Amino acid sequence: MLFSRTLIPTLKETPAEAEVISHQLMLRAGFIRKLAAGIYTWLPLGYRVLRKVEAIVRQEMDKAGAQEMLMPGVQPAELWQESGRWEHYGKELLRFMDRHDHGFCLAPTHEEVITDLVRREVRSYRDMPLNLYQVQTKFRDEIRPRFGIMRAREFLMKDAYSFDVDEETSAESYRQMHAAYRAVFDRLGLRYRAVEADTGSIGGSFSHEFMVLAATGEDDIASCTACDYGANVEKAEVVLPPGEPAQPGQAVASVATPGTHTVEAVAKFLGVEARAVAKTLIYLADGQPVAACVRGDRELNEIKFKNLLNANEVFLASPEVIAQVTGGPLGFSGPLGLKIPIWADQELYREAALVVGANQADTHLTGLHLGRDVPAARQADLRSVVVGDPCPRCAGGTINLDRGIEVGHIFRLGTKYSQALGANYLDAEGNSKPIVMGCYGIGVSRIVAAAIEQGNDSNGIILPLAIAPFSVAVLPMSTSGQAWDEGQRLYQELRAAGVDVLLDDRDLRPGVKFKDGDLLGIPYRLVVGEKGLKNGQVELKHRASGQVEMLPLNEAVAAVTRLVREGGGQSL
């Protein structure tokens, strides 16, 4: 492809609207342009990257035995009402009425549609296992779309759905998809981790997220320093180091603590560490008050708490509700004497004497022992994991925290959707049973942004060879003479060899061409100049490492072709 004949509107300055590096560089490199909040047009180079990601995803899905199809992007409200998600999904679901006053939505996902299809077409155990997938545009009406493609409202996604006769075969389908996802991300050339995750609004019993590691990631990932355990911090288990529950010591005493509304203030006033203070948080779980207690130097993991309660909604109670439930103001709540369900983090049972709120203004209690004084409290893992916690899977390993960008998520759905929508099959004895399902998503467009978040420098984008818009850029140092003639010849021979190559045929200064080449993230650059040609050589620069080497002119095509093929480069 010729640079002069391709729409590549690069920008010298970073647009003010761009917050993260992927958004900045995708705009500067002419990969995308904004149409509306969270909605982007993919320009030719960006679309080439997107198509290369798609190609790898499709190849690995096909290899795993999944069959590609295409479902509508507009879905009837009735299906979502059948599954119970029409209201539960929230405002991210863009609902509208057609001219006949029938309710519809723009698809954020396709569990309902695929289940409806299968309940009509799959009748027997002989029709399974079955795995169907598509690559299609989705729409989620994000309250605050940001970070460009990273958190867009409209995005490209691969979603697959497996159908099996029982949990055992469904687990095998899940294992196959887990392996296929690893193959996808290995081929993409990204640093990633597969971690246990919360199932969220999709539902189901078990899930894994695939996270591209990047300092700008939105998610925290817990991983073991000694084994392959990994989990999103929303899901990460906390296990206590070896030890026994503390035995009660001193008696409970009431202490005046005027104006101490925070853990830090209470600890300072009483001259104790924050860990000796137990904070009691009052929540409403599906409208019902419930208390959660954690150590003062810890954070309650609200996702864990919500899942523990099996609640649809969990949020902090208002000061008015707190006063009604506890009898005291916000900032002075404690577990003693509460008439609502109380959950206490397991760690608190290692403390012999805790400081807690007294449920009255300007007063705290000291010497509280949960086992002795609040026997109704239920013990659970409630807090968020922190660096240095013991690994929940192996002996000797500890937890480390990294940042990651979610680019894939796989779920064991069980019979959640098949039971709700009546997707049943007849087994070998003629009995009707619900189909066991799994679903598997990859954010195809988000992968592009994640790859740039992971691969960049002060000069621009550094993309893996497998998904770069071109594998090689040929840069003649002039548009006439021997440099131009040899540059054209190298370009044509590389094309003939199946290499994805861009010829920078613009009549511009070399420095401008070099800057654009670095900005676009093309892995290899062949510079054809009069000086090198006098010695029968051309210059090859490796974008990722910055390494520069001189190649014999008559060996350049073979050398570059070998690099591209061995590195997993692909052509469109």
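Visitor: What share of the contacts in the protein between residues at least 6 apart in sequence join residues at least 24 apart?

Guide: That share is 69%, where contact means heavy atoms within 4.5 Å. This is a predicted model, where local features need pLDDT of at least 70, side-chain atom pairs count only at pLDDT 80 or more, and totals for chains, interfaces and linings use all residues. Residues are numbered from 1 along each chain as its sequence is written, and side-chain values use heavy atoms, with hydrogens and water left out.

Visitor: How many helices and strands are there in the protein?

Guide: There are 16 helices and 31 strands. Both are DSSP runs numbered from the N terminus: helices are H or I with at least four residues, strands are E with at least two. The C-alpha atoms fill a box of roughly 95 × 65 × 50 Å along the principal axes.

Visitor: Why are α2 and α12 called roughly perpendicular to each other?

Guide: Helix α2 (residues 44-63) and helix α12 (residues 444-454) pack at an angle of about 115°. Axes are lines fitted to C-alpha atoms, for helices over the stretch in contact, and angles run from 0 to 180 degrees between N-to-C directions. Angles under 35 degrees count as roughly parallel, over 145 as roughly antiparallel, 65 to 115 as roughly perpendicular and the rest as oblique. So α2 and α12 get the label roughly perpendicular. Their axes are 9 Å apart.

Visitor: Which residues make the contact between α2 and α12?

Guide: From α2 come Val49, Leu50, Val53 and Glu54, and from α12 come Val444, Ser445, Ile447 and Val448. By class, that contact has six nonpolar, one polar and one charged residues. Ala, Val, Leu, Ile, Met, Phe, Trp, Tyr, Cys and Pro count as nonpolar, Asp, Glu, Lys and Arg as charged, and the others, Gly among them, as polar.

Visitor: What makes phenylalanine 147 count as buried?

Guide: Buried means under 20% relative accessible area, exposed over 50%, and partly exposed in between, using a 1.4 Å probe and protein chains only. Phenylalanine 147 has 18%, so it counts as buried. This residue sits in the loop between β7 and β8 (154-164), and its phi is near 65°, a positive value in a residue other than glycine.

Visitor: What makes alanine 344 buried?

Guide: The relative accessible area of alanine 344 is 0%, so buried is the word. Alanine 344 belongs to strand β17 (residues 342-345). Leaving aside neighbours within four places in sequence, alanine 344 touches residues including Cys293, Tyr349 and Leu370. Across the whole protein, 52% of the 572 residues count as buried.

Visitor: Which residues of helix α7 are buried?

Guide: In α7 (residues 263-270) they are Val263, Val266 and Ala267.  They cover an arc of only 95° around the axis, which puts them on the same side of α7. The arc is that of the directions from the helix axis to the C-beta atoms. Exposed Glu264 and Lys268 are on the face turned away from that buried side. The buried residues of α7 pack against β14 (278-285), β18 (354-357) and β19 (363-368).

Visitor: What comes just after α7?

Guide: Glycine 271, with a positive phi of about 70°.
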